[in-house]
Amino acid sequence: MDESFMLMLSNLLHLHNSLDSSTSLLSSPSSSSSASSPSSLLPSSPPTPLLFFTLASLLSYLASQKKPTSTKPPSSTSITTTNPESSPSFSVSAFRALSTEHIWSLEAPLRDSQWRSMYGLSYPVFTTVVDKLKPHITASNLSLPSDYAVSMVLSRLAHGFSAKTLASRYSLEPYLVSKITNMVTRLLATKLYPEFIKIPVSRRRLIETTQAFEELTSLPNMCGAIDGSPIKVKRGDIEGNMYKCRYGYSSVLLQVVADHKKVFWDVCVKAPGGSDDASHLRGSVLYNRLVSGDVVWDKVINVRGHHVRPYIVGDWCYPLLSFLMTPFSPNGSGTPAQNLFDGMLMKGRSVVVDAIALLKGRWKILQDLNVGLDHAPQTIVACCVLHNLCQIAREPEPETWKDPDEGGVPARGLENEKSFHYFGDSLRQALADDLHQRLSSR
């Protein structure tokens with residue numbers, strides 16, 4: 001009950017006692033005294049208590065009418081206004097006004113620039129994400145609108161906000177922000193992954209990719225570049241040193257394969273940060289599919305009598321295999337043909353380095369992941385899906401975030417990889433000799 005009303009009621013009771021001490025509003029009839037007060041101005045009468053109770057009830061009703069009402073959502077969502085100055089700007093009504101009214105009064109470049117500053121992507125790409133996720137979010141019985149929930153999660157991924165910070169901004173409980181983040185990132189990582197992260201097996205896409213890499217490197221039939229990158233995670237979730245990466249912080253390892261457009265066509269997050277790139281590759285679905293022959297690339301060329309199928313390139317931290325070309329030497333100690341090949345291979349590999357730098361620059365949460373370790377993989381994969389959406393839509397590239405230059409020892413081949421290594425070695429030498437001859441004759 002309001003404090004001012006309680007004070008008013010207390011004064012009323014004191015006034016009643018001073019007017020009629022024989023009847024107390026807070027005492028039982030048996031405890032009332034029969035003696036009259038000499039200071040009583042009005043005669044005591046039975047209707048007096050009823051009168052004062054009526055006045056008290058009237059005042060209580062008036063006080064309740066003036067008191068602002070608060071409503072709770074029908075679900076378990078409990079809304080707590082922790083930052084009243086900023087929360088109105090991020091309310092559902094404010095978002096609805098922005099997305100349905102204000103946005104159409106802006107020119108497209110200004111509109112999309114404003115949207116990117118808030119959510120990391122333009123309005124058309126945002127609506128694409130919402131349209132694809134809306135049926136799944138609706139089925140979850142979330143009490144918030146689908147587009148509002150997606151916008152909240154995108155702002156967290158784009159700016160790296162913690163659940164607590166976002167809860168204060170959106171006037172929600174931190175646990176609810178975490179719950180919504182987990183739901184949206186899981187949907188991105190599972191429902192949208194098959195549509196936007198695909199191995200280039202169609203002939204049209206394969207020809208486009210290999211031709212673009214050949215224009216960049218002069219090496220034929222290259223279809224992608226592979227690399228790994230540690231994603232920093234909260235240290236409180238970690239026990240032991242298996243998650244400590246080569247840069248000294250706790251992390252999980254991200255492995256991606258990118259094409260010439262910096263679009264990822266394979267993503268894997270399975271290893272702790274202390275793992276090496278070769279071990280992470282061998283534990284991935286991609287490796288098992290390539291080794292088993294499950295991935296069939298319908299584009300075979302002949303190079304010096306060798307049948308060369310499409311291959312990916314990586315640095316010396318990966319094993320040399322028939323489908324994975326690596327440099328001859330990390331320090332340029334090979335023959336002229338081998339050194340030329342190494343330079344062109346690393347030029348092709350640079351696209352995946354740039355793609356990872358762009359990924360971390362666009363989705364800043366990956367610079368210091370502030371979700372639980374159990375939800376780290378799906379959050380990372382969700383950012384990769386969003387990255388591809390932006391690249392496919394040709395979104396402007398923001399400032400990138402590059403990891404320090406990495407070192408590492410050359411990967412060793414395993415016993416069960418001997419045949420793949422043998423064919424890979426012969427293919428690499430044939431490609432190097434062919435490249436040297438072609439470029440020397442120009």
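Reply: Let us begin with burial, where a residue is called buried under 20% relative accessible area, exposed over 50%, and partly exposed in between, using a 1.4 Å probe and protein chains only. In this predicted model, local features need pLDDT of at least 70 and side-chain atom pairs count only at pLDDT 80 or more, whereas totals for chains, interfaces and linings use all residues. Residues are numbered from 1 along each chain as its sequence is written, and side-chain values use heavy atoms, with hydrogens and water left out. Of the 442 residues in the protein chain, 45% are buried.

Me: How many helices and strands does the protein chain have?

Reply: Helices (H or I, at least four residues) and strands (E, at least two) are DSSP runs, numbered from the N terminus. The protein chain has 14 helices and seven strands.

Me: What span should helix H9 have, and what is the distance between its end C-alpha atoms?

Reply: The expected span of a helix is 1.5 Å times one less than its number of residues. For the 15 residues of H9 (residues 203-217) that gives 21 Å, and the end C-alpha atoms are 21 Å apart, which agrees. After H9 comes Ser218, whose phi is positive, near 70°.

Me: Which residues of H9 are buried, and which are exposed?

Reply: An α-helix has 3.6 residues a turn, so residues three or four places apart point the same way. In H9 the buried residues are Arg205, Leu206, Thr209, Thr210, Ala212, Phe213 and Thr217. Seen down the axis of H9, these buried residues fall within an arc of 160° (taken from the directions from the helix axis to the C-beta atoms), so they line one face of the helix. Arg204 and Glu215, on the other side of H9, are exposed. Contact means heavy atoms within 4.5 Å, and what covers the buried residues of H9 includes strands E1 (222-232), E2 (251-258) and E3 (264-272), together with helices H12 (336-362) and H14 (418-440).

Me: Is a loop residue such as Ser122 buried or exposed?

Reply: Ser122, in the loop between helix H4 (108-119) and helix H5 (123-139), counts as buried because its relative accessibility is 3%. Leaving aside neighbours within four places in sequence, Ser122 is in contact with Asp112, Trp115, Arg116 and Glu395. Glu239 lies in the loop between E1 and E2 and is exposed, with a relative accessible area of 72%.

Me: What volume does the largest pocket have, and which residues lie nearest its centre?

Reply: On a 1 Å grid over the protein atoms alone, a cavity is a set of points where a 1.4 Å probe fits but cannot get out, while a pocket is an open set with protein on both sides within 12 Å along at least five of seven lines, and lining residues have an atom within 4 Å of a point. The largest pocket has a volume of about 500 Å³, and of its 21 lining residues Arg205, Asp259, Lys261, Val263 and Ile392 lie nearest the centre. H9 gives the largest share of that lining, four residues.

Me: Which residues are closest to the centre of the second largest pocket?

Reply: The second largest pocket has a volume of about 370 Å³. It is lined by 16 residues, of which Leu290, Arg309, Ser322, Phe323 and Phe420 are the closest to its centre. The largest share of this lining, five residues, comes from H14.

Note on methods:
Grid points are joined across faces, edges and corners, and a volume is the space filled by probe spheres set on the points.
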